[in-house]
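The following exercises concern one protein chain. Please study the sequence and the structure before reading each solution.

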Amino acid sequence: MSFQWNRSEVLGLAKEGCAQCRGYGLRDTSKTAQPVPCNCVFRAIFRACYRKFRSCAQGDNQVSTARLESVHGREHKRTWGLKNEEFMADFVLVAKRTLNEADHKLFRFHFLLGADWKLCCKQLGMDRGTFFHLIYRIEERLGRVYRELQPYALFPLDEYFGGSVRKMIDDSPDPERPKGLVFQMRDTAKLSARRSLRAPLRKAA
Ligand SMILES: [Zn+2]
């Protein structure tokens, strides 16, 4: 089943005065019968996630790094999660998985290593127009994936950080379901367990 976008969420994220959606966050395309979220919405999501990523990387939230998450399922369990690190890992790994090689290289240069447009253009042999075109495309692509990611989207951030671990078991008894399935690690978190992430961030561009 494809992801269902919520109209009011889209409206809240749309860019005021956007030329494509006029700030409504939805636009018609010839390809689909239903209007789709505007690219300005996807970019807003990406940028919010990127701001959070930077703040995590700079250790702005050290005190609340580890938080106690609780799950109310058939079995009541608690676990310690390193939310900030998990978020950073998800941010990076989803990008790697989503983007093609060339786009990922630019993503790494600009967003992770902090290279500005001049340096990126020089290093990657492109002009300014191409650089911004590609950056927009990357932001749109990733913003969408960060929001649509199942079962744990990176956005909305308050849900990612504030929400408890969603219960993986419902309340109806299901004898077939293995008992150990209370926690199902997100696929990216599995990967995140095997390396410590230290993004070499520069000062804000
Ligand atoms: Zn728009």
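**Exercise 1.** In which helix does Cys49 lie, and is Cys49 buried or exposed?

*Solution.* The structure is a predicted model, in which local features need pLDDT of at least 70, side-chain atom pairs count only at pLDDT 80 or more, and totals for chains, interfaces and linings use all residues. Residues are numbered from 1 along each chain as its sequence is written.

Step 1. Cys49 belongs to helix α2, residues 39-57. Helices (H or I, at least four residues) and strands (E, at least two) are DSSP runs, numbered from the N terminus.

Step 2. A residue is buried if 20 or more other C-beta atoms, placed from the backbone, lie within 10 Å of its own, and exposed if 12 or fewer do. Cys49 has 26 such atoms within 10 Å and is therefore buried.

**Exercise 2.** Identify the residues that Cys49 touches, not counting residues up to four places away in sequence.

*Solution.* Step 1. Contact requires C-beta atoms, placed from the backbone, within 7 Å.

Step 2. The partners of Cys49 are Phe91, Tyr146, Leu154 and Phe155.

Step 3. Tyr146 is 97 residues from Cys49 in sequence, yet their C-alpha atoms are 8.1 Å apart.

**Exercise 3.** State which residues make the contact of α4 with α5.

*Solution.* Step 1. Helix α4 (residues 101-112) packs with helix α5 (residues 117-124), their axes being 10 Å apart.

Step 2. On α4 the residues are Lys105, Leu106, Phe109 and His110; on α5 they are Cys120, Gln123 and Leu124.

How values were computed
Axes fitted to C-alpha atoms, helices over the stretch in contact; angles between N-to-C directions. Contact = placed C-beta atoms within 7 Å.
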